[in-house]
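Let's take a friendly walk through this structure together. Please keep the viewer open beside you while you read.

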Amino acid sequence: MFGLLYGLFEQAFAKKEYYALILGLDNAGKTTLLERMKATYGEKEALPPDRIAPTVGLNRRERLVLWDLGGQSGLRSIWPKYYSEASGLLFLLDAADEKRLEEACSAFQSIMTDPQLDAKVPVLILLNKQDVADPKVVERMKESMGALAATSSRPSALFPICALNGDGVVKGVKWLVEQLREASSA
Ligand code: G3D
Ligand code: MG
């Protein structure tokens with residue numbers, strides 16, 4: 001009986017932790033976004049020594065652990081090692097850098113087609129640097145990324161953001177957290 005009650009108590013009061021990867025080419029703004037999220041949601045715990053997995057407190061009972069992995073081409077080969085742990089994915093693009101759109105699309109496609117990433121993992125695509133982006137280029141990026149995301153059954157959404165001043169960040173994170181909550185209660 002105690003075991004059962006304790007189990008129910010634990011279930012009712014346990015902290016939920018969601019693990020999400022922040023991926024994207026180098027210079028997309030991943031670390032800037034992470035700093036912005038830490039400032040917005042608060043960082044309640046000390047950073048681990050390698051500083052790649054800060055925790056963002058969403059409320060008293062939920063935490064989002066974010067893995068900011070390096071985006072240089074030589075480092076992308078380590079991304080798949082984290083896929084099996086991920087319950088969510090954020091993919092950032094530099095919306096002001098049209099020259100690297102093809103490279104970003106190719107990196108995104110290899111993530112989407114990797115079987116190590118669970119088929120239910122929600123994918124939040126963020127078109128960053130809206131403060132300096134050309135709206136026409138942003139439209140083209142939306143089309144390309146939207147088409148790639150649609151080839152996967154994973155839930156996905158695309159938001160324009162500015163990691164530097166925080167525009168759009170809360171909206172995007174809200175979508176992701178709702179998806180994570182839904183997936184964890186299913
Ligand atoms: P990364 O972690 O993906 O490699 P960083 O990218 O977060 O280090 O950002 C790369 C550069 O882009 C940084 O400039 C950073 O200030 C800038 N940046 C990030 N987000 C935005 C944004 O929303 N708008 C603008 N205008 N710039 C942004 P530096 O000059 O430090 O290299
Ligand atoms: Mg970085």
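At 25% relative accessibility, Asp 26 counts as partly exposed. The scale behind that word is simple: buried means under 20% relative accessible area, exposed over 50%, and partly exposed in between, using a 1.4 Å probe and protein chains only.

Before going further, a word on ground rules: this is a predicted model, where local features need pLDDT of at least 70, side-chain atom pairs count only at pLDDT 80 or more, and totals for chains, interfaces and linings use all residues. Residues are numbered from 1 along each chain as its sequence is written, chains are lettered from A and ligands numbered from 1 in the order in which they are written, and side-chain values use heavy atoms, with hydrogens and water left out.

Which residue forms a salt bridge with Asp 26? The partner is Arg 100, with the closest N and O atoms 2.9 Å apart. This pair links distant parts of the chain, 74 residues apart: Asp 26 sits in the loop between strand S1 (16-24) and H2, and Arg 100 in the loop between strand S4 (88-94) and helix H4 (101-112). Helices (H or I, at least four residues) and strands (E, at least two) are DSSP runs, numbered from the N terminus.

The structure holds 11 salt bridges, each defined as a side-chain nitrogen of Lys or Arg within 4 Å of a carboxyl oxygen of Asp or Glu. One of them joins Lys 99 to Asp 97, with 3.9 Å between the closest N and O atoms. Here Lys 99 is exposed, at a relative accessible area of 78%, while Asp 97 is buried, at 17%.

Another pairs Lys 174 with Glu 178, the closest N and O atoms being 3.3 Å apart. Both belong to helix H6 (residues 169-185), and because they are four residues apart there, about one helical turn separates them. Lys 174 counts as exposed at 51% relative accessibility, and Glu 178 as partly exposed at 36%. Elsewhere, salt bridges that share partners join Asp 26, Arg 76, Arg 100 and Glu 103 into one network.

## Around ligand 1

Now to the ligand: 15 residues surround ligand 1, and the closest are Asn 27, Lys 30, Thr 31, Thr 32 and Asp 131. To count, a residue needs a heavy atom within 4 Å of the molecule. The largest share of this shell, three residues, comes from helix H2 (residues 30-41).

Thr 31 lies in helix H2 and is partly exposed, with a relative accessible area of 46%. An N or O atom in the Thr 31 side chain is 2.9 Å from an oxygen atom of ligand 1; a polar contact is a pair of N or O atoms within 3.5 Å. The UniProt annotation "binding site", from an unreviewed entry, covers Thr 31 and Thr 55; such annotations may be inferred rather than shown by experiment.

Asn 27 is one of the residues closest to ligand 1, and its place is in the loop between S1 and H2. Asn 27 is exposed, with a relative accessible area of 56%, and has a positive phi of about 80° although it is not a glycine. Lys 129, in the loop between strand S5 (123-128) and helix H5 (135-150), also has a positive phi, of about 65°, without being a glycine. Most residues other than glycine have a negative phi.

Key
Polar contact = N/O pair within 3.5 Å; in protein donor to acceptor, adjacent residues only side chain to side chain.
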